[in-house]
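The sequence and the structure are shown below.

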Number of protein chains: 2
Amino acid sequence: MRPAASVPTVTVKAGTGTEMHVLVSPEQGETGFALRRFIMQAGGGMPLHTNLVEHQQYVLRGKARIRVADTVYDVAPDHTLFIPAGVPHSYEVVDGPFEFICVVPSTPDRITLIEDC
Amino acid sequence: MRPAASVPTVTVKAGTGTEMHVLVSPEQGETGFALRRFIMQAGGGMPLHTNLVEHQQYVLRGKARIRVADTVYDVAPDHTLFIPAGVPHSYEVVDGPFEFICVVPSTPDRITLIEDC
């Protein structure tokens, strides 16, 4: 057991005012997924992008506008999201800090930014 | 996106005052894990038991005393736990409702109760 706050965060370079930490790591887990927490400050977020891995998310605090493919969701605490691998998505903090759990498989990932036409 | 509260809960028969719901299901997920939320009322919990699957957990609300193998942890919001497959563990609510995220692989599971000597 450990408090999430005791785990150092890293800056998410593709985002603004966005940090994350891996709370249960791929090394610690046994079957190939990892539990991570993202923290986005007021005014922060991430531009439209894709990942190679699916996201299973649970909102802890704050509010944000999250686009997934062509749909925009206004999310608040205790909302859940599923973002399939390869689907464009973006985050815009509405009420920060915006914090959420994001579980991903432990396979290689890559962020690809998308020009929003 | 959906609010967790919109997803029906099921009673966890091995527990007391314990319900759970699957927020991102194995069918929805792509790579073999599922995001679930447990809700344990004041006075509730689960006796010492094992599962066939690992647990990656994040505490949302309330407080509980959680035993994992021979160690007892007092857990509160924003604490994380990793419980390996097959390791005996129990939950005793200290301040309810006690709510936590529990991510598991989508492989078959079985709860085995353990006589606590």
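How many bridges join β3(A) to β4(A), and in which sense, parallel or antiparallel, do these strands run?

## Strand pairing in chain A

The model is a predicted one. Within it, β3(A) and β4(A) are joined by 7 bridges and run antiparallel. A:H21 illustrates this pairing, with A:R37 as its bridge partner in β4(A).

β4(A) is also joined to β8(A), by 11 bridges, and these two strands run antiparallel. Here A:R36 has A:C102 as its bridge partner in β8(A). A further pairing links β4(A) with β9 of chain A, residues 112-113, in the antiparallel sense over 2 bridges. In that case the bridge partner of A:T50 is A:T112, which lies in β9(A).

## Strand pairing in chain B

In chain B, strand β4 (residues 33-50) and strand β8 (residues 89-105) are joined by 11 bridges and run antiparallel. One of the residues involved is B:M40, whose bridge partner in β8(B) is B:F98.

β8(B) is joined as well to strand β5 of chain B, residues 55-68. This antiparallel pair has 11 bridges, and B:Q56 has B:V103 as its bridge partner in β8(B).

## Contact between the chains

How many residues of chain A are in contact with chain B? On the side of chain A there are 28 residues, and they are in contact with 28 residues of chain B. The elements of chain A that give two or more residues to its side are β1 (2-3), β3 (16-24), β4 (33-50), β5 (55-68), β6 (71-75), β7 (79-83) and β8 (89-105). The largest contribution to this side comes from β7(A), which gives 4 residues.

By residue class, the side of chain A that touches chain B comprises 18 nonpolar, 6 polar and 4 charged residues.

## A strand pair across the chains

Which strand of chain B is joined to β7(A) by bridges? The strand in question is β1 of chain B, residues 2-3. The two strands run antiparallel, and 2 bridges join them. At residue level, A:H79 has B:P3 as its bridge partner in β1(B).

Technical notes:
Residues are numbered from 1 along each chain as its sequence is written. Chains are lettered from A and ligands numbered from 1 in the order in which they are written. This is a predicted model: local features need pLDDT of at least 70, side-chain atom pairs count only at pLDDT 80 or more; totals for chains, interfaces and linings use all residues. Two residues are in contact if their C-beta atoms, placed from the backbone, lie within 7 Å. Ala, Val, Leu, Ile, Met, Phe, Trp, Tyr, Cys and Pro count as nonpolar, Asp, Glu, Lys and Arg as charged, and the others, Gly among them, as polar. Two strands pair if DSSP finds at least two bridges between them.
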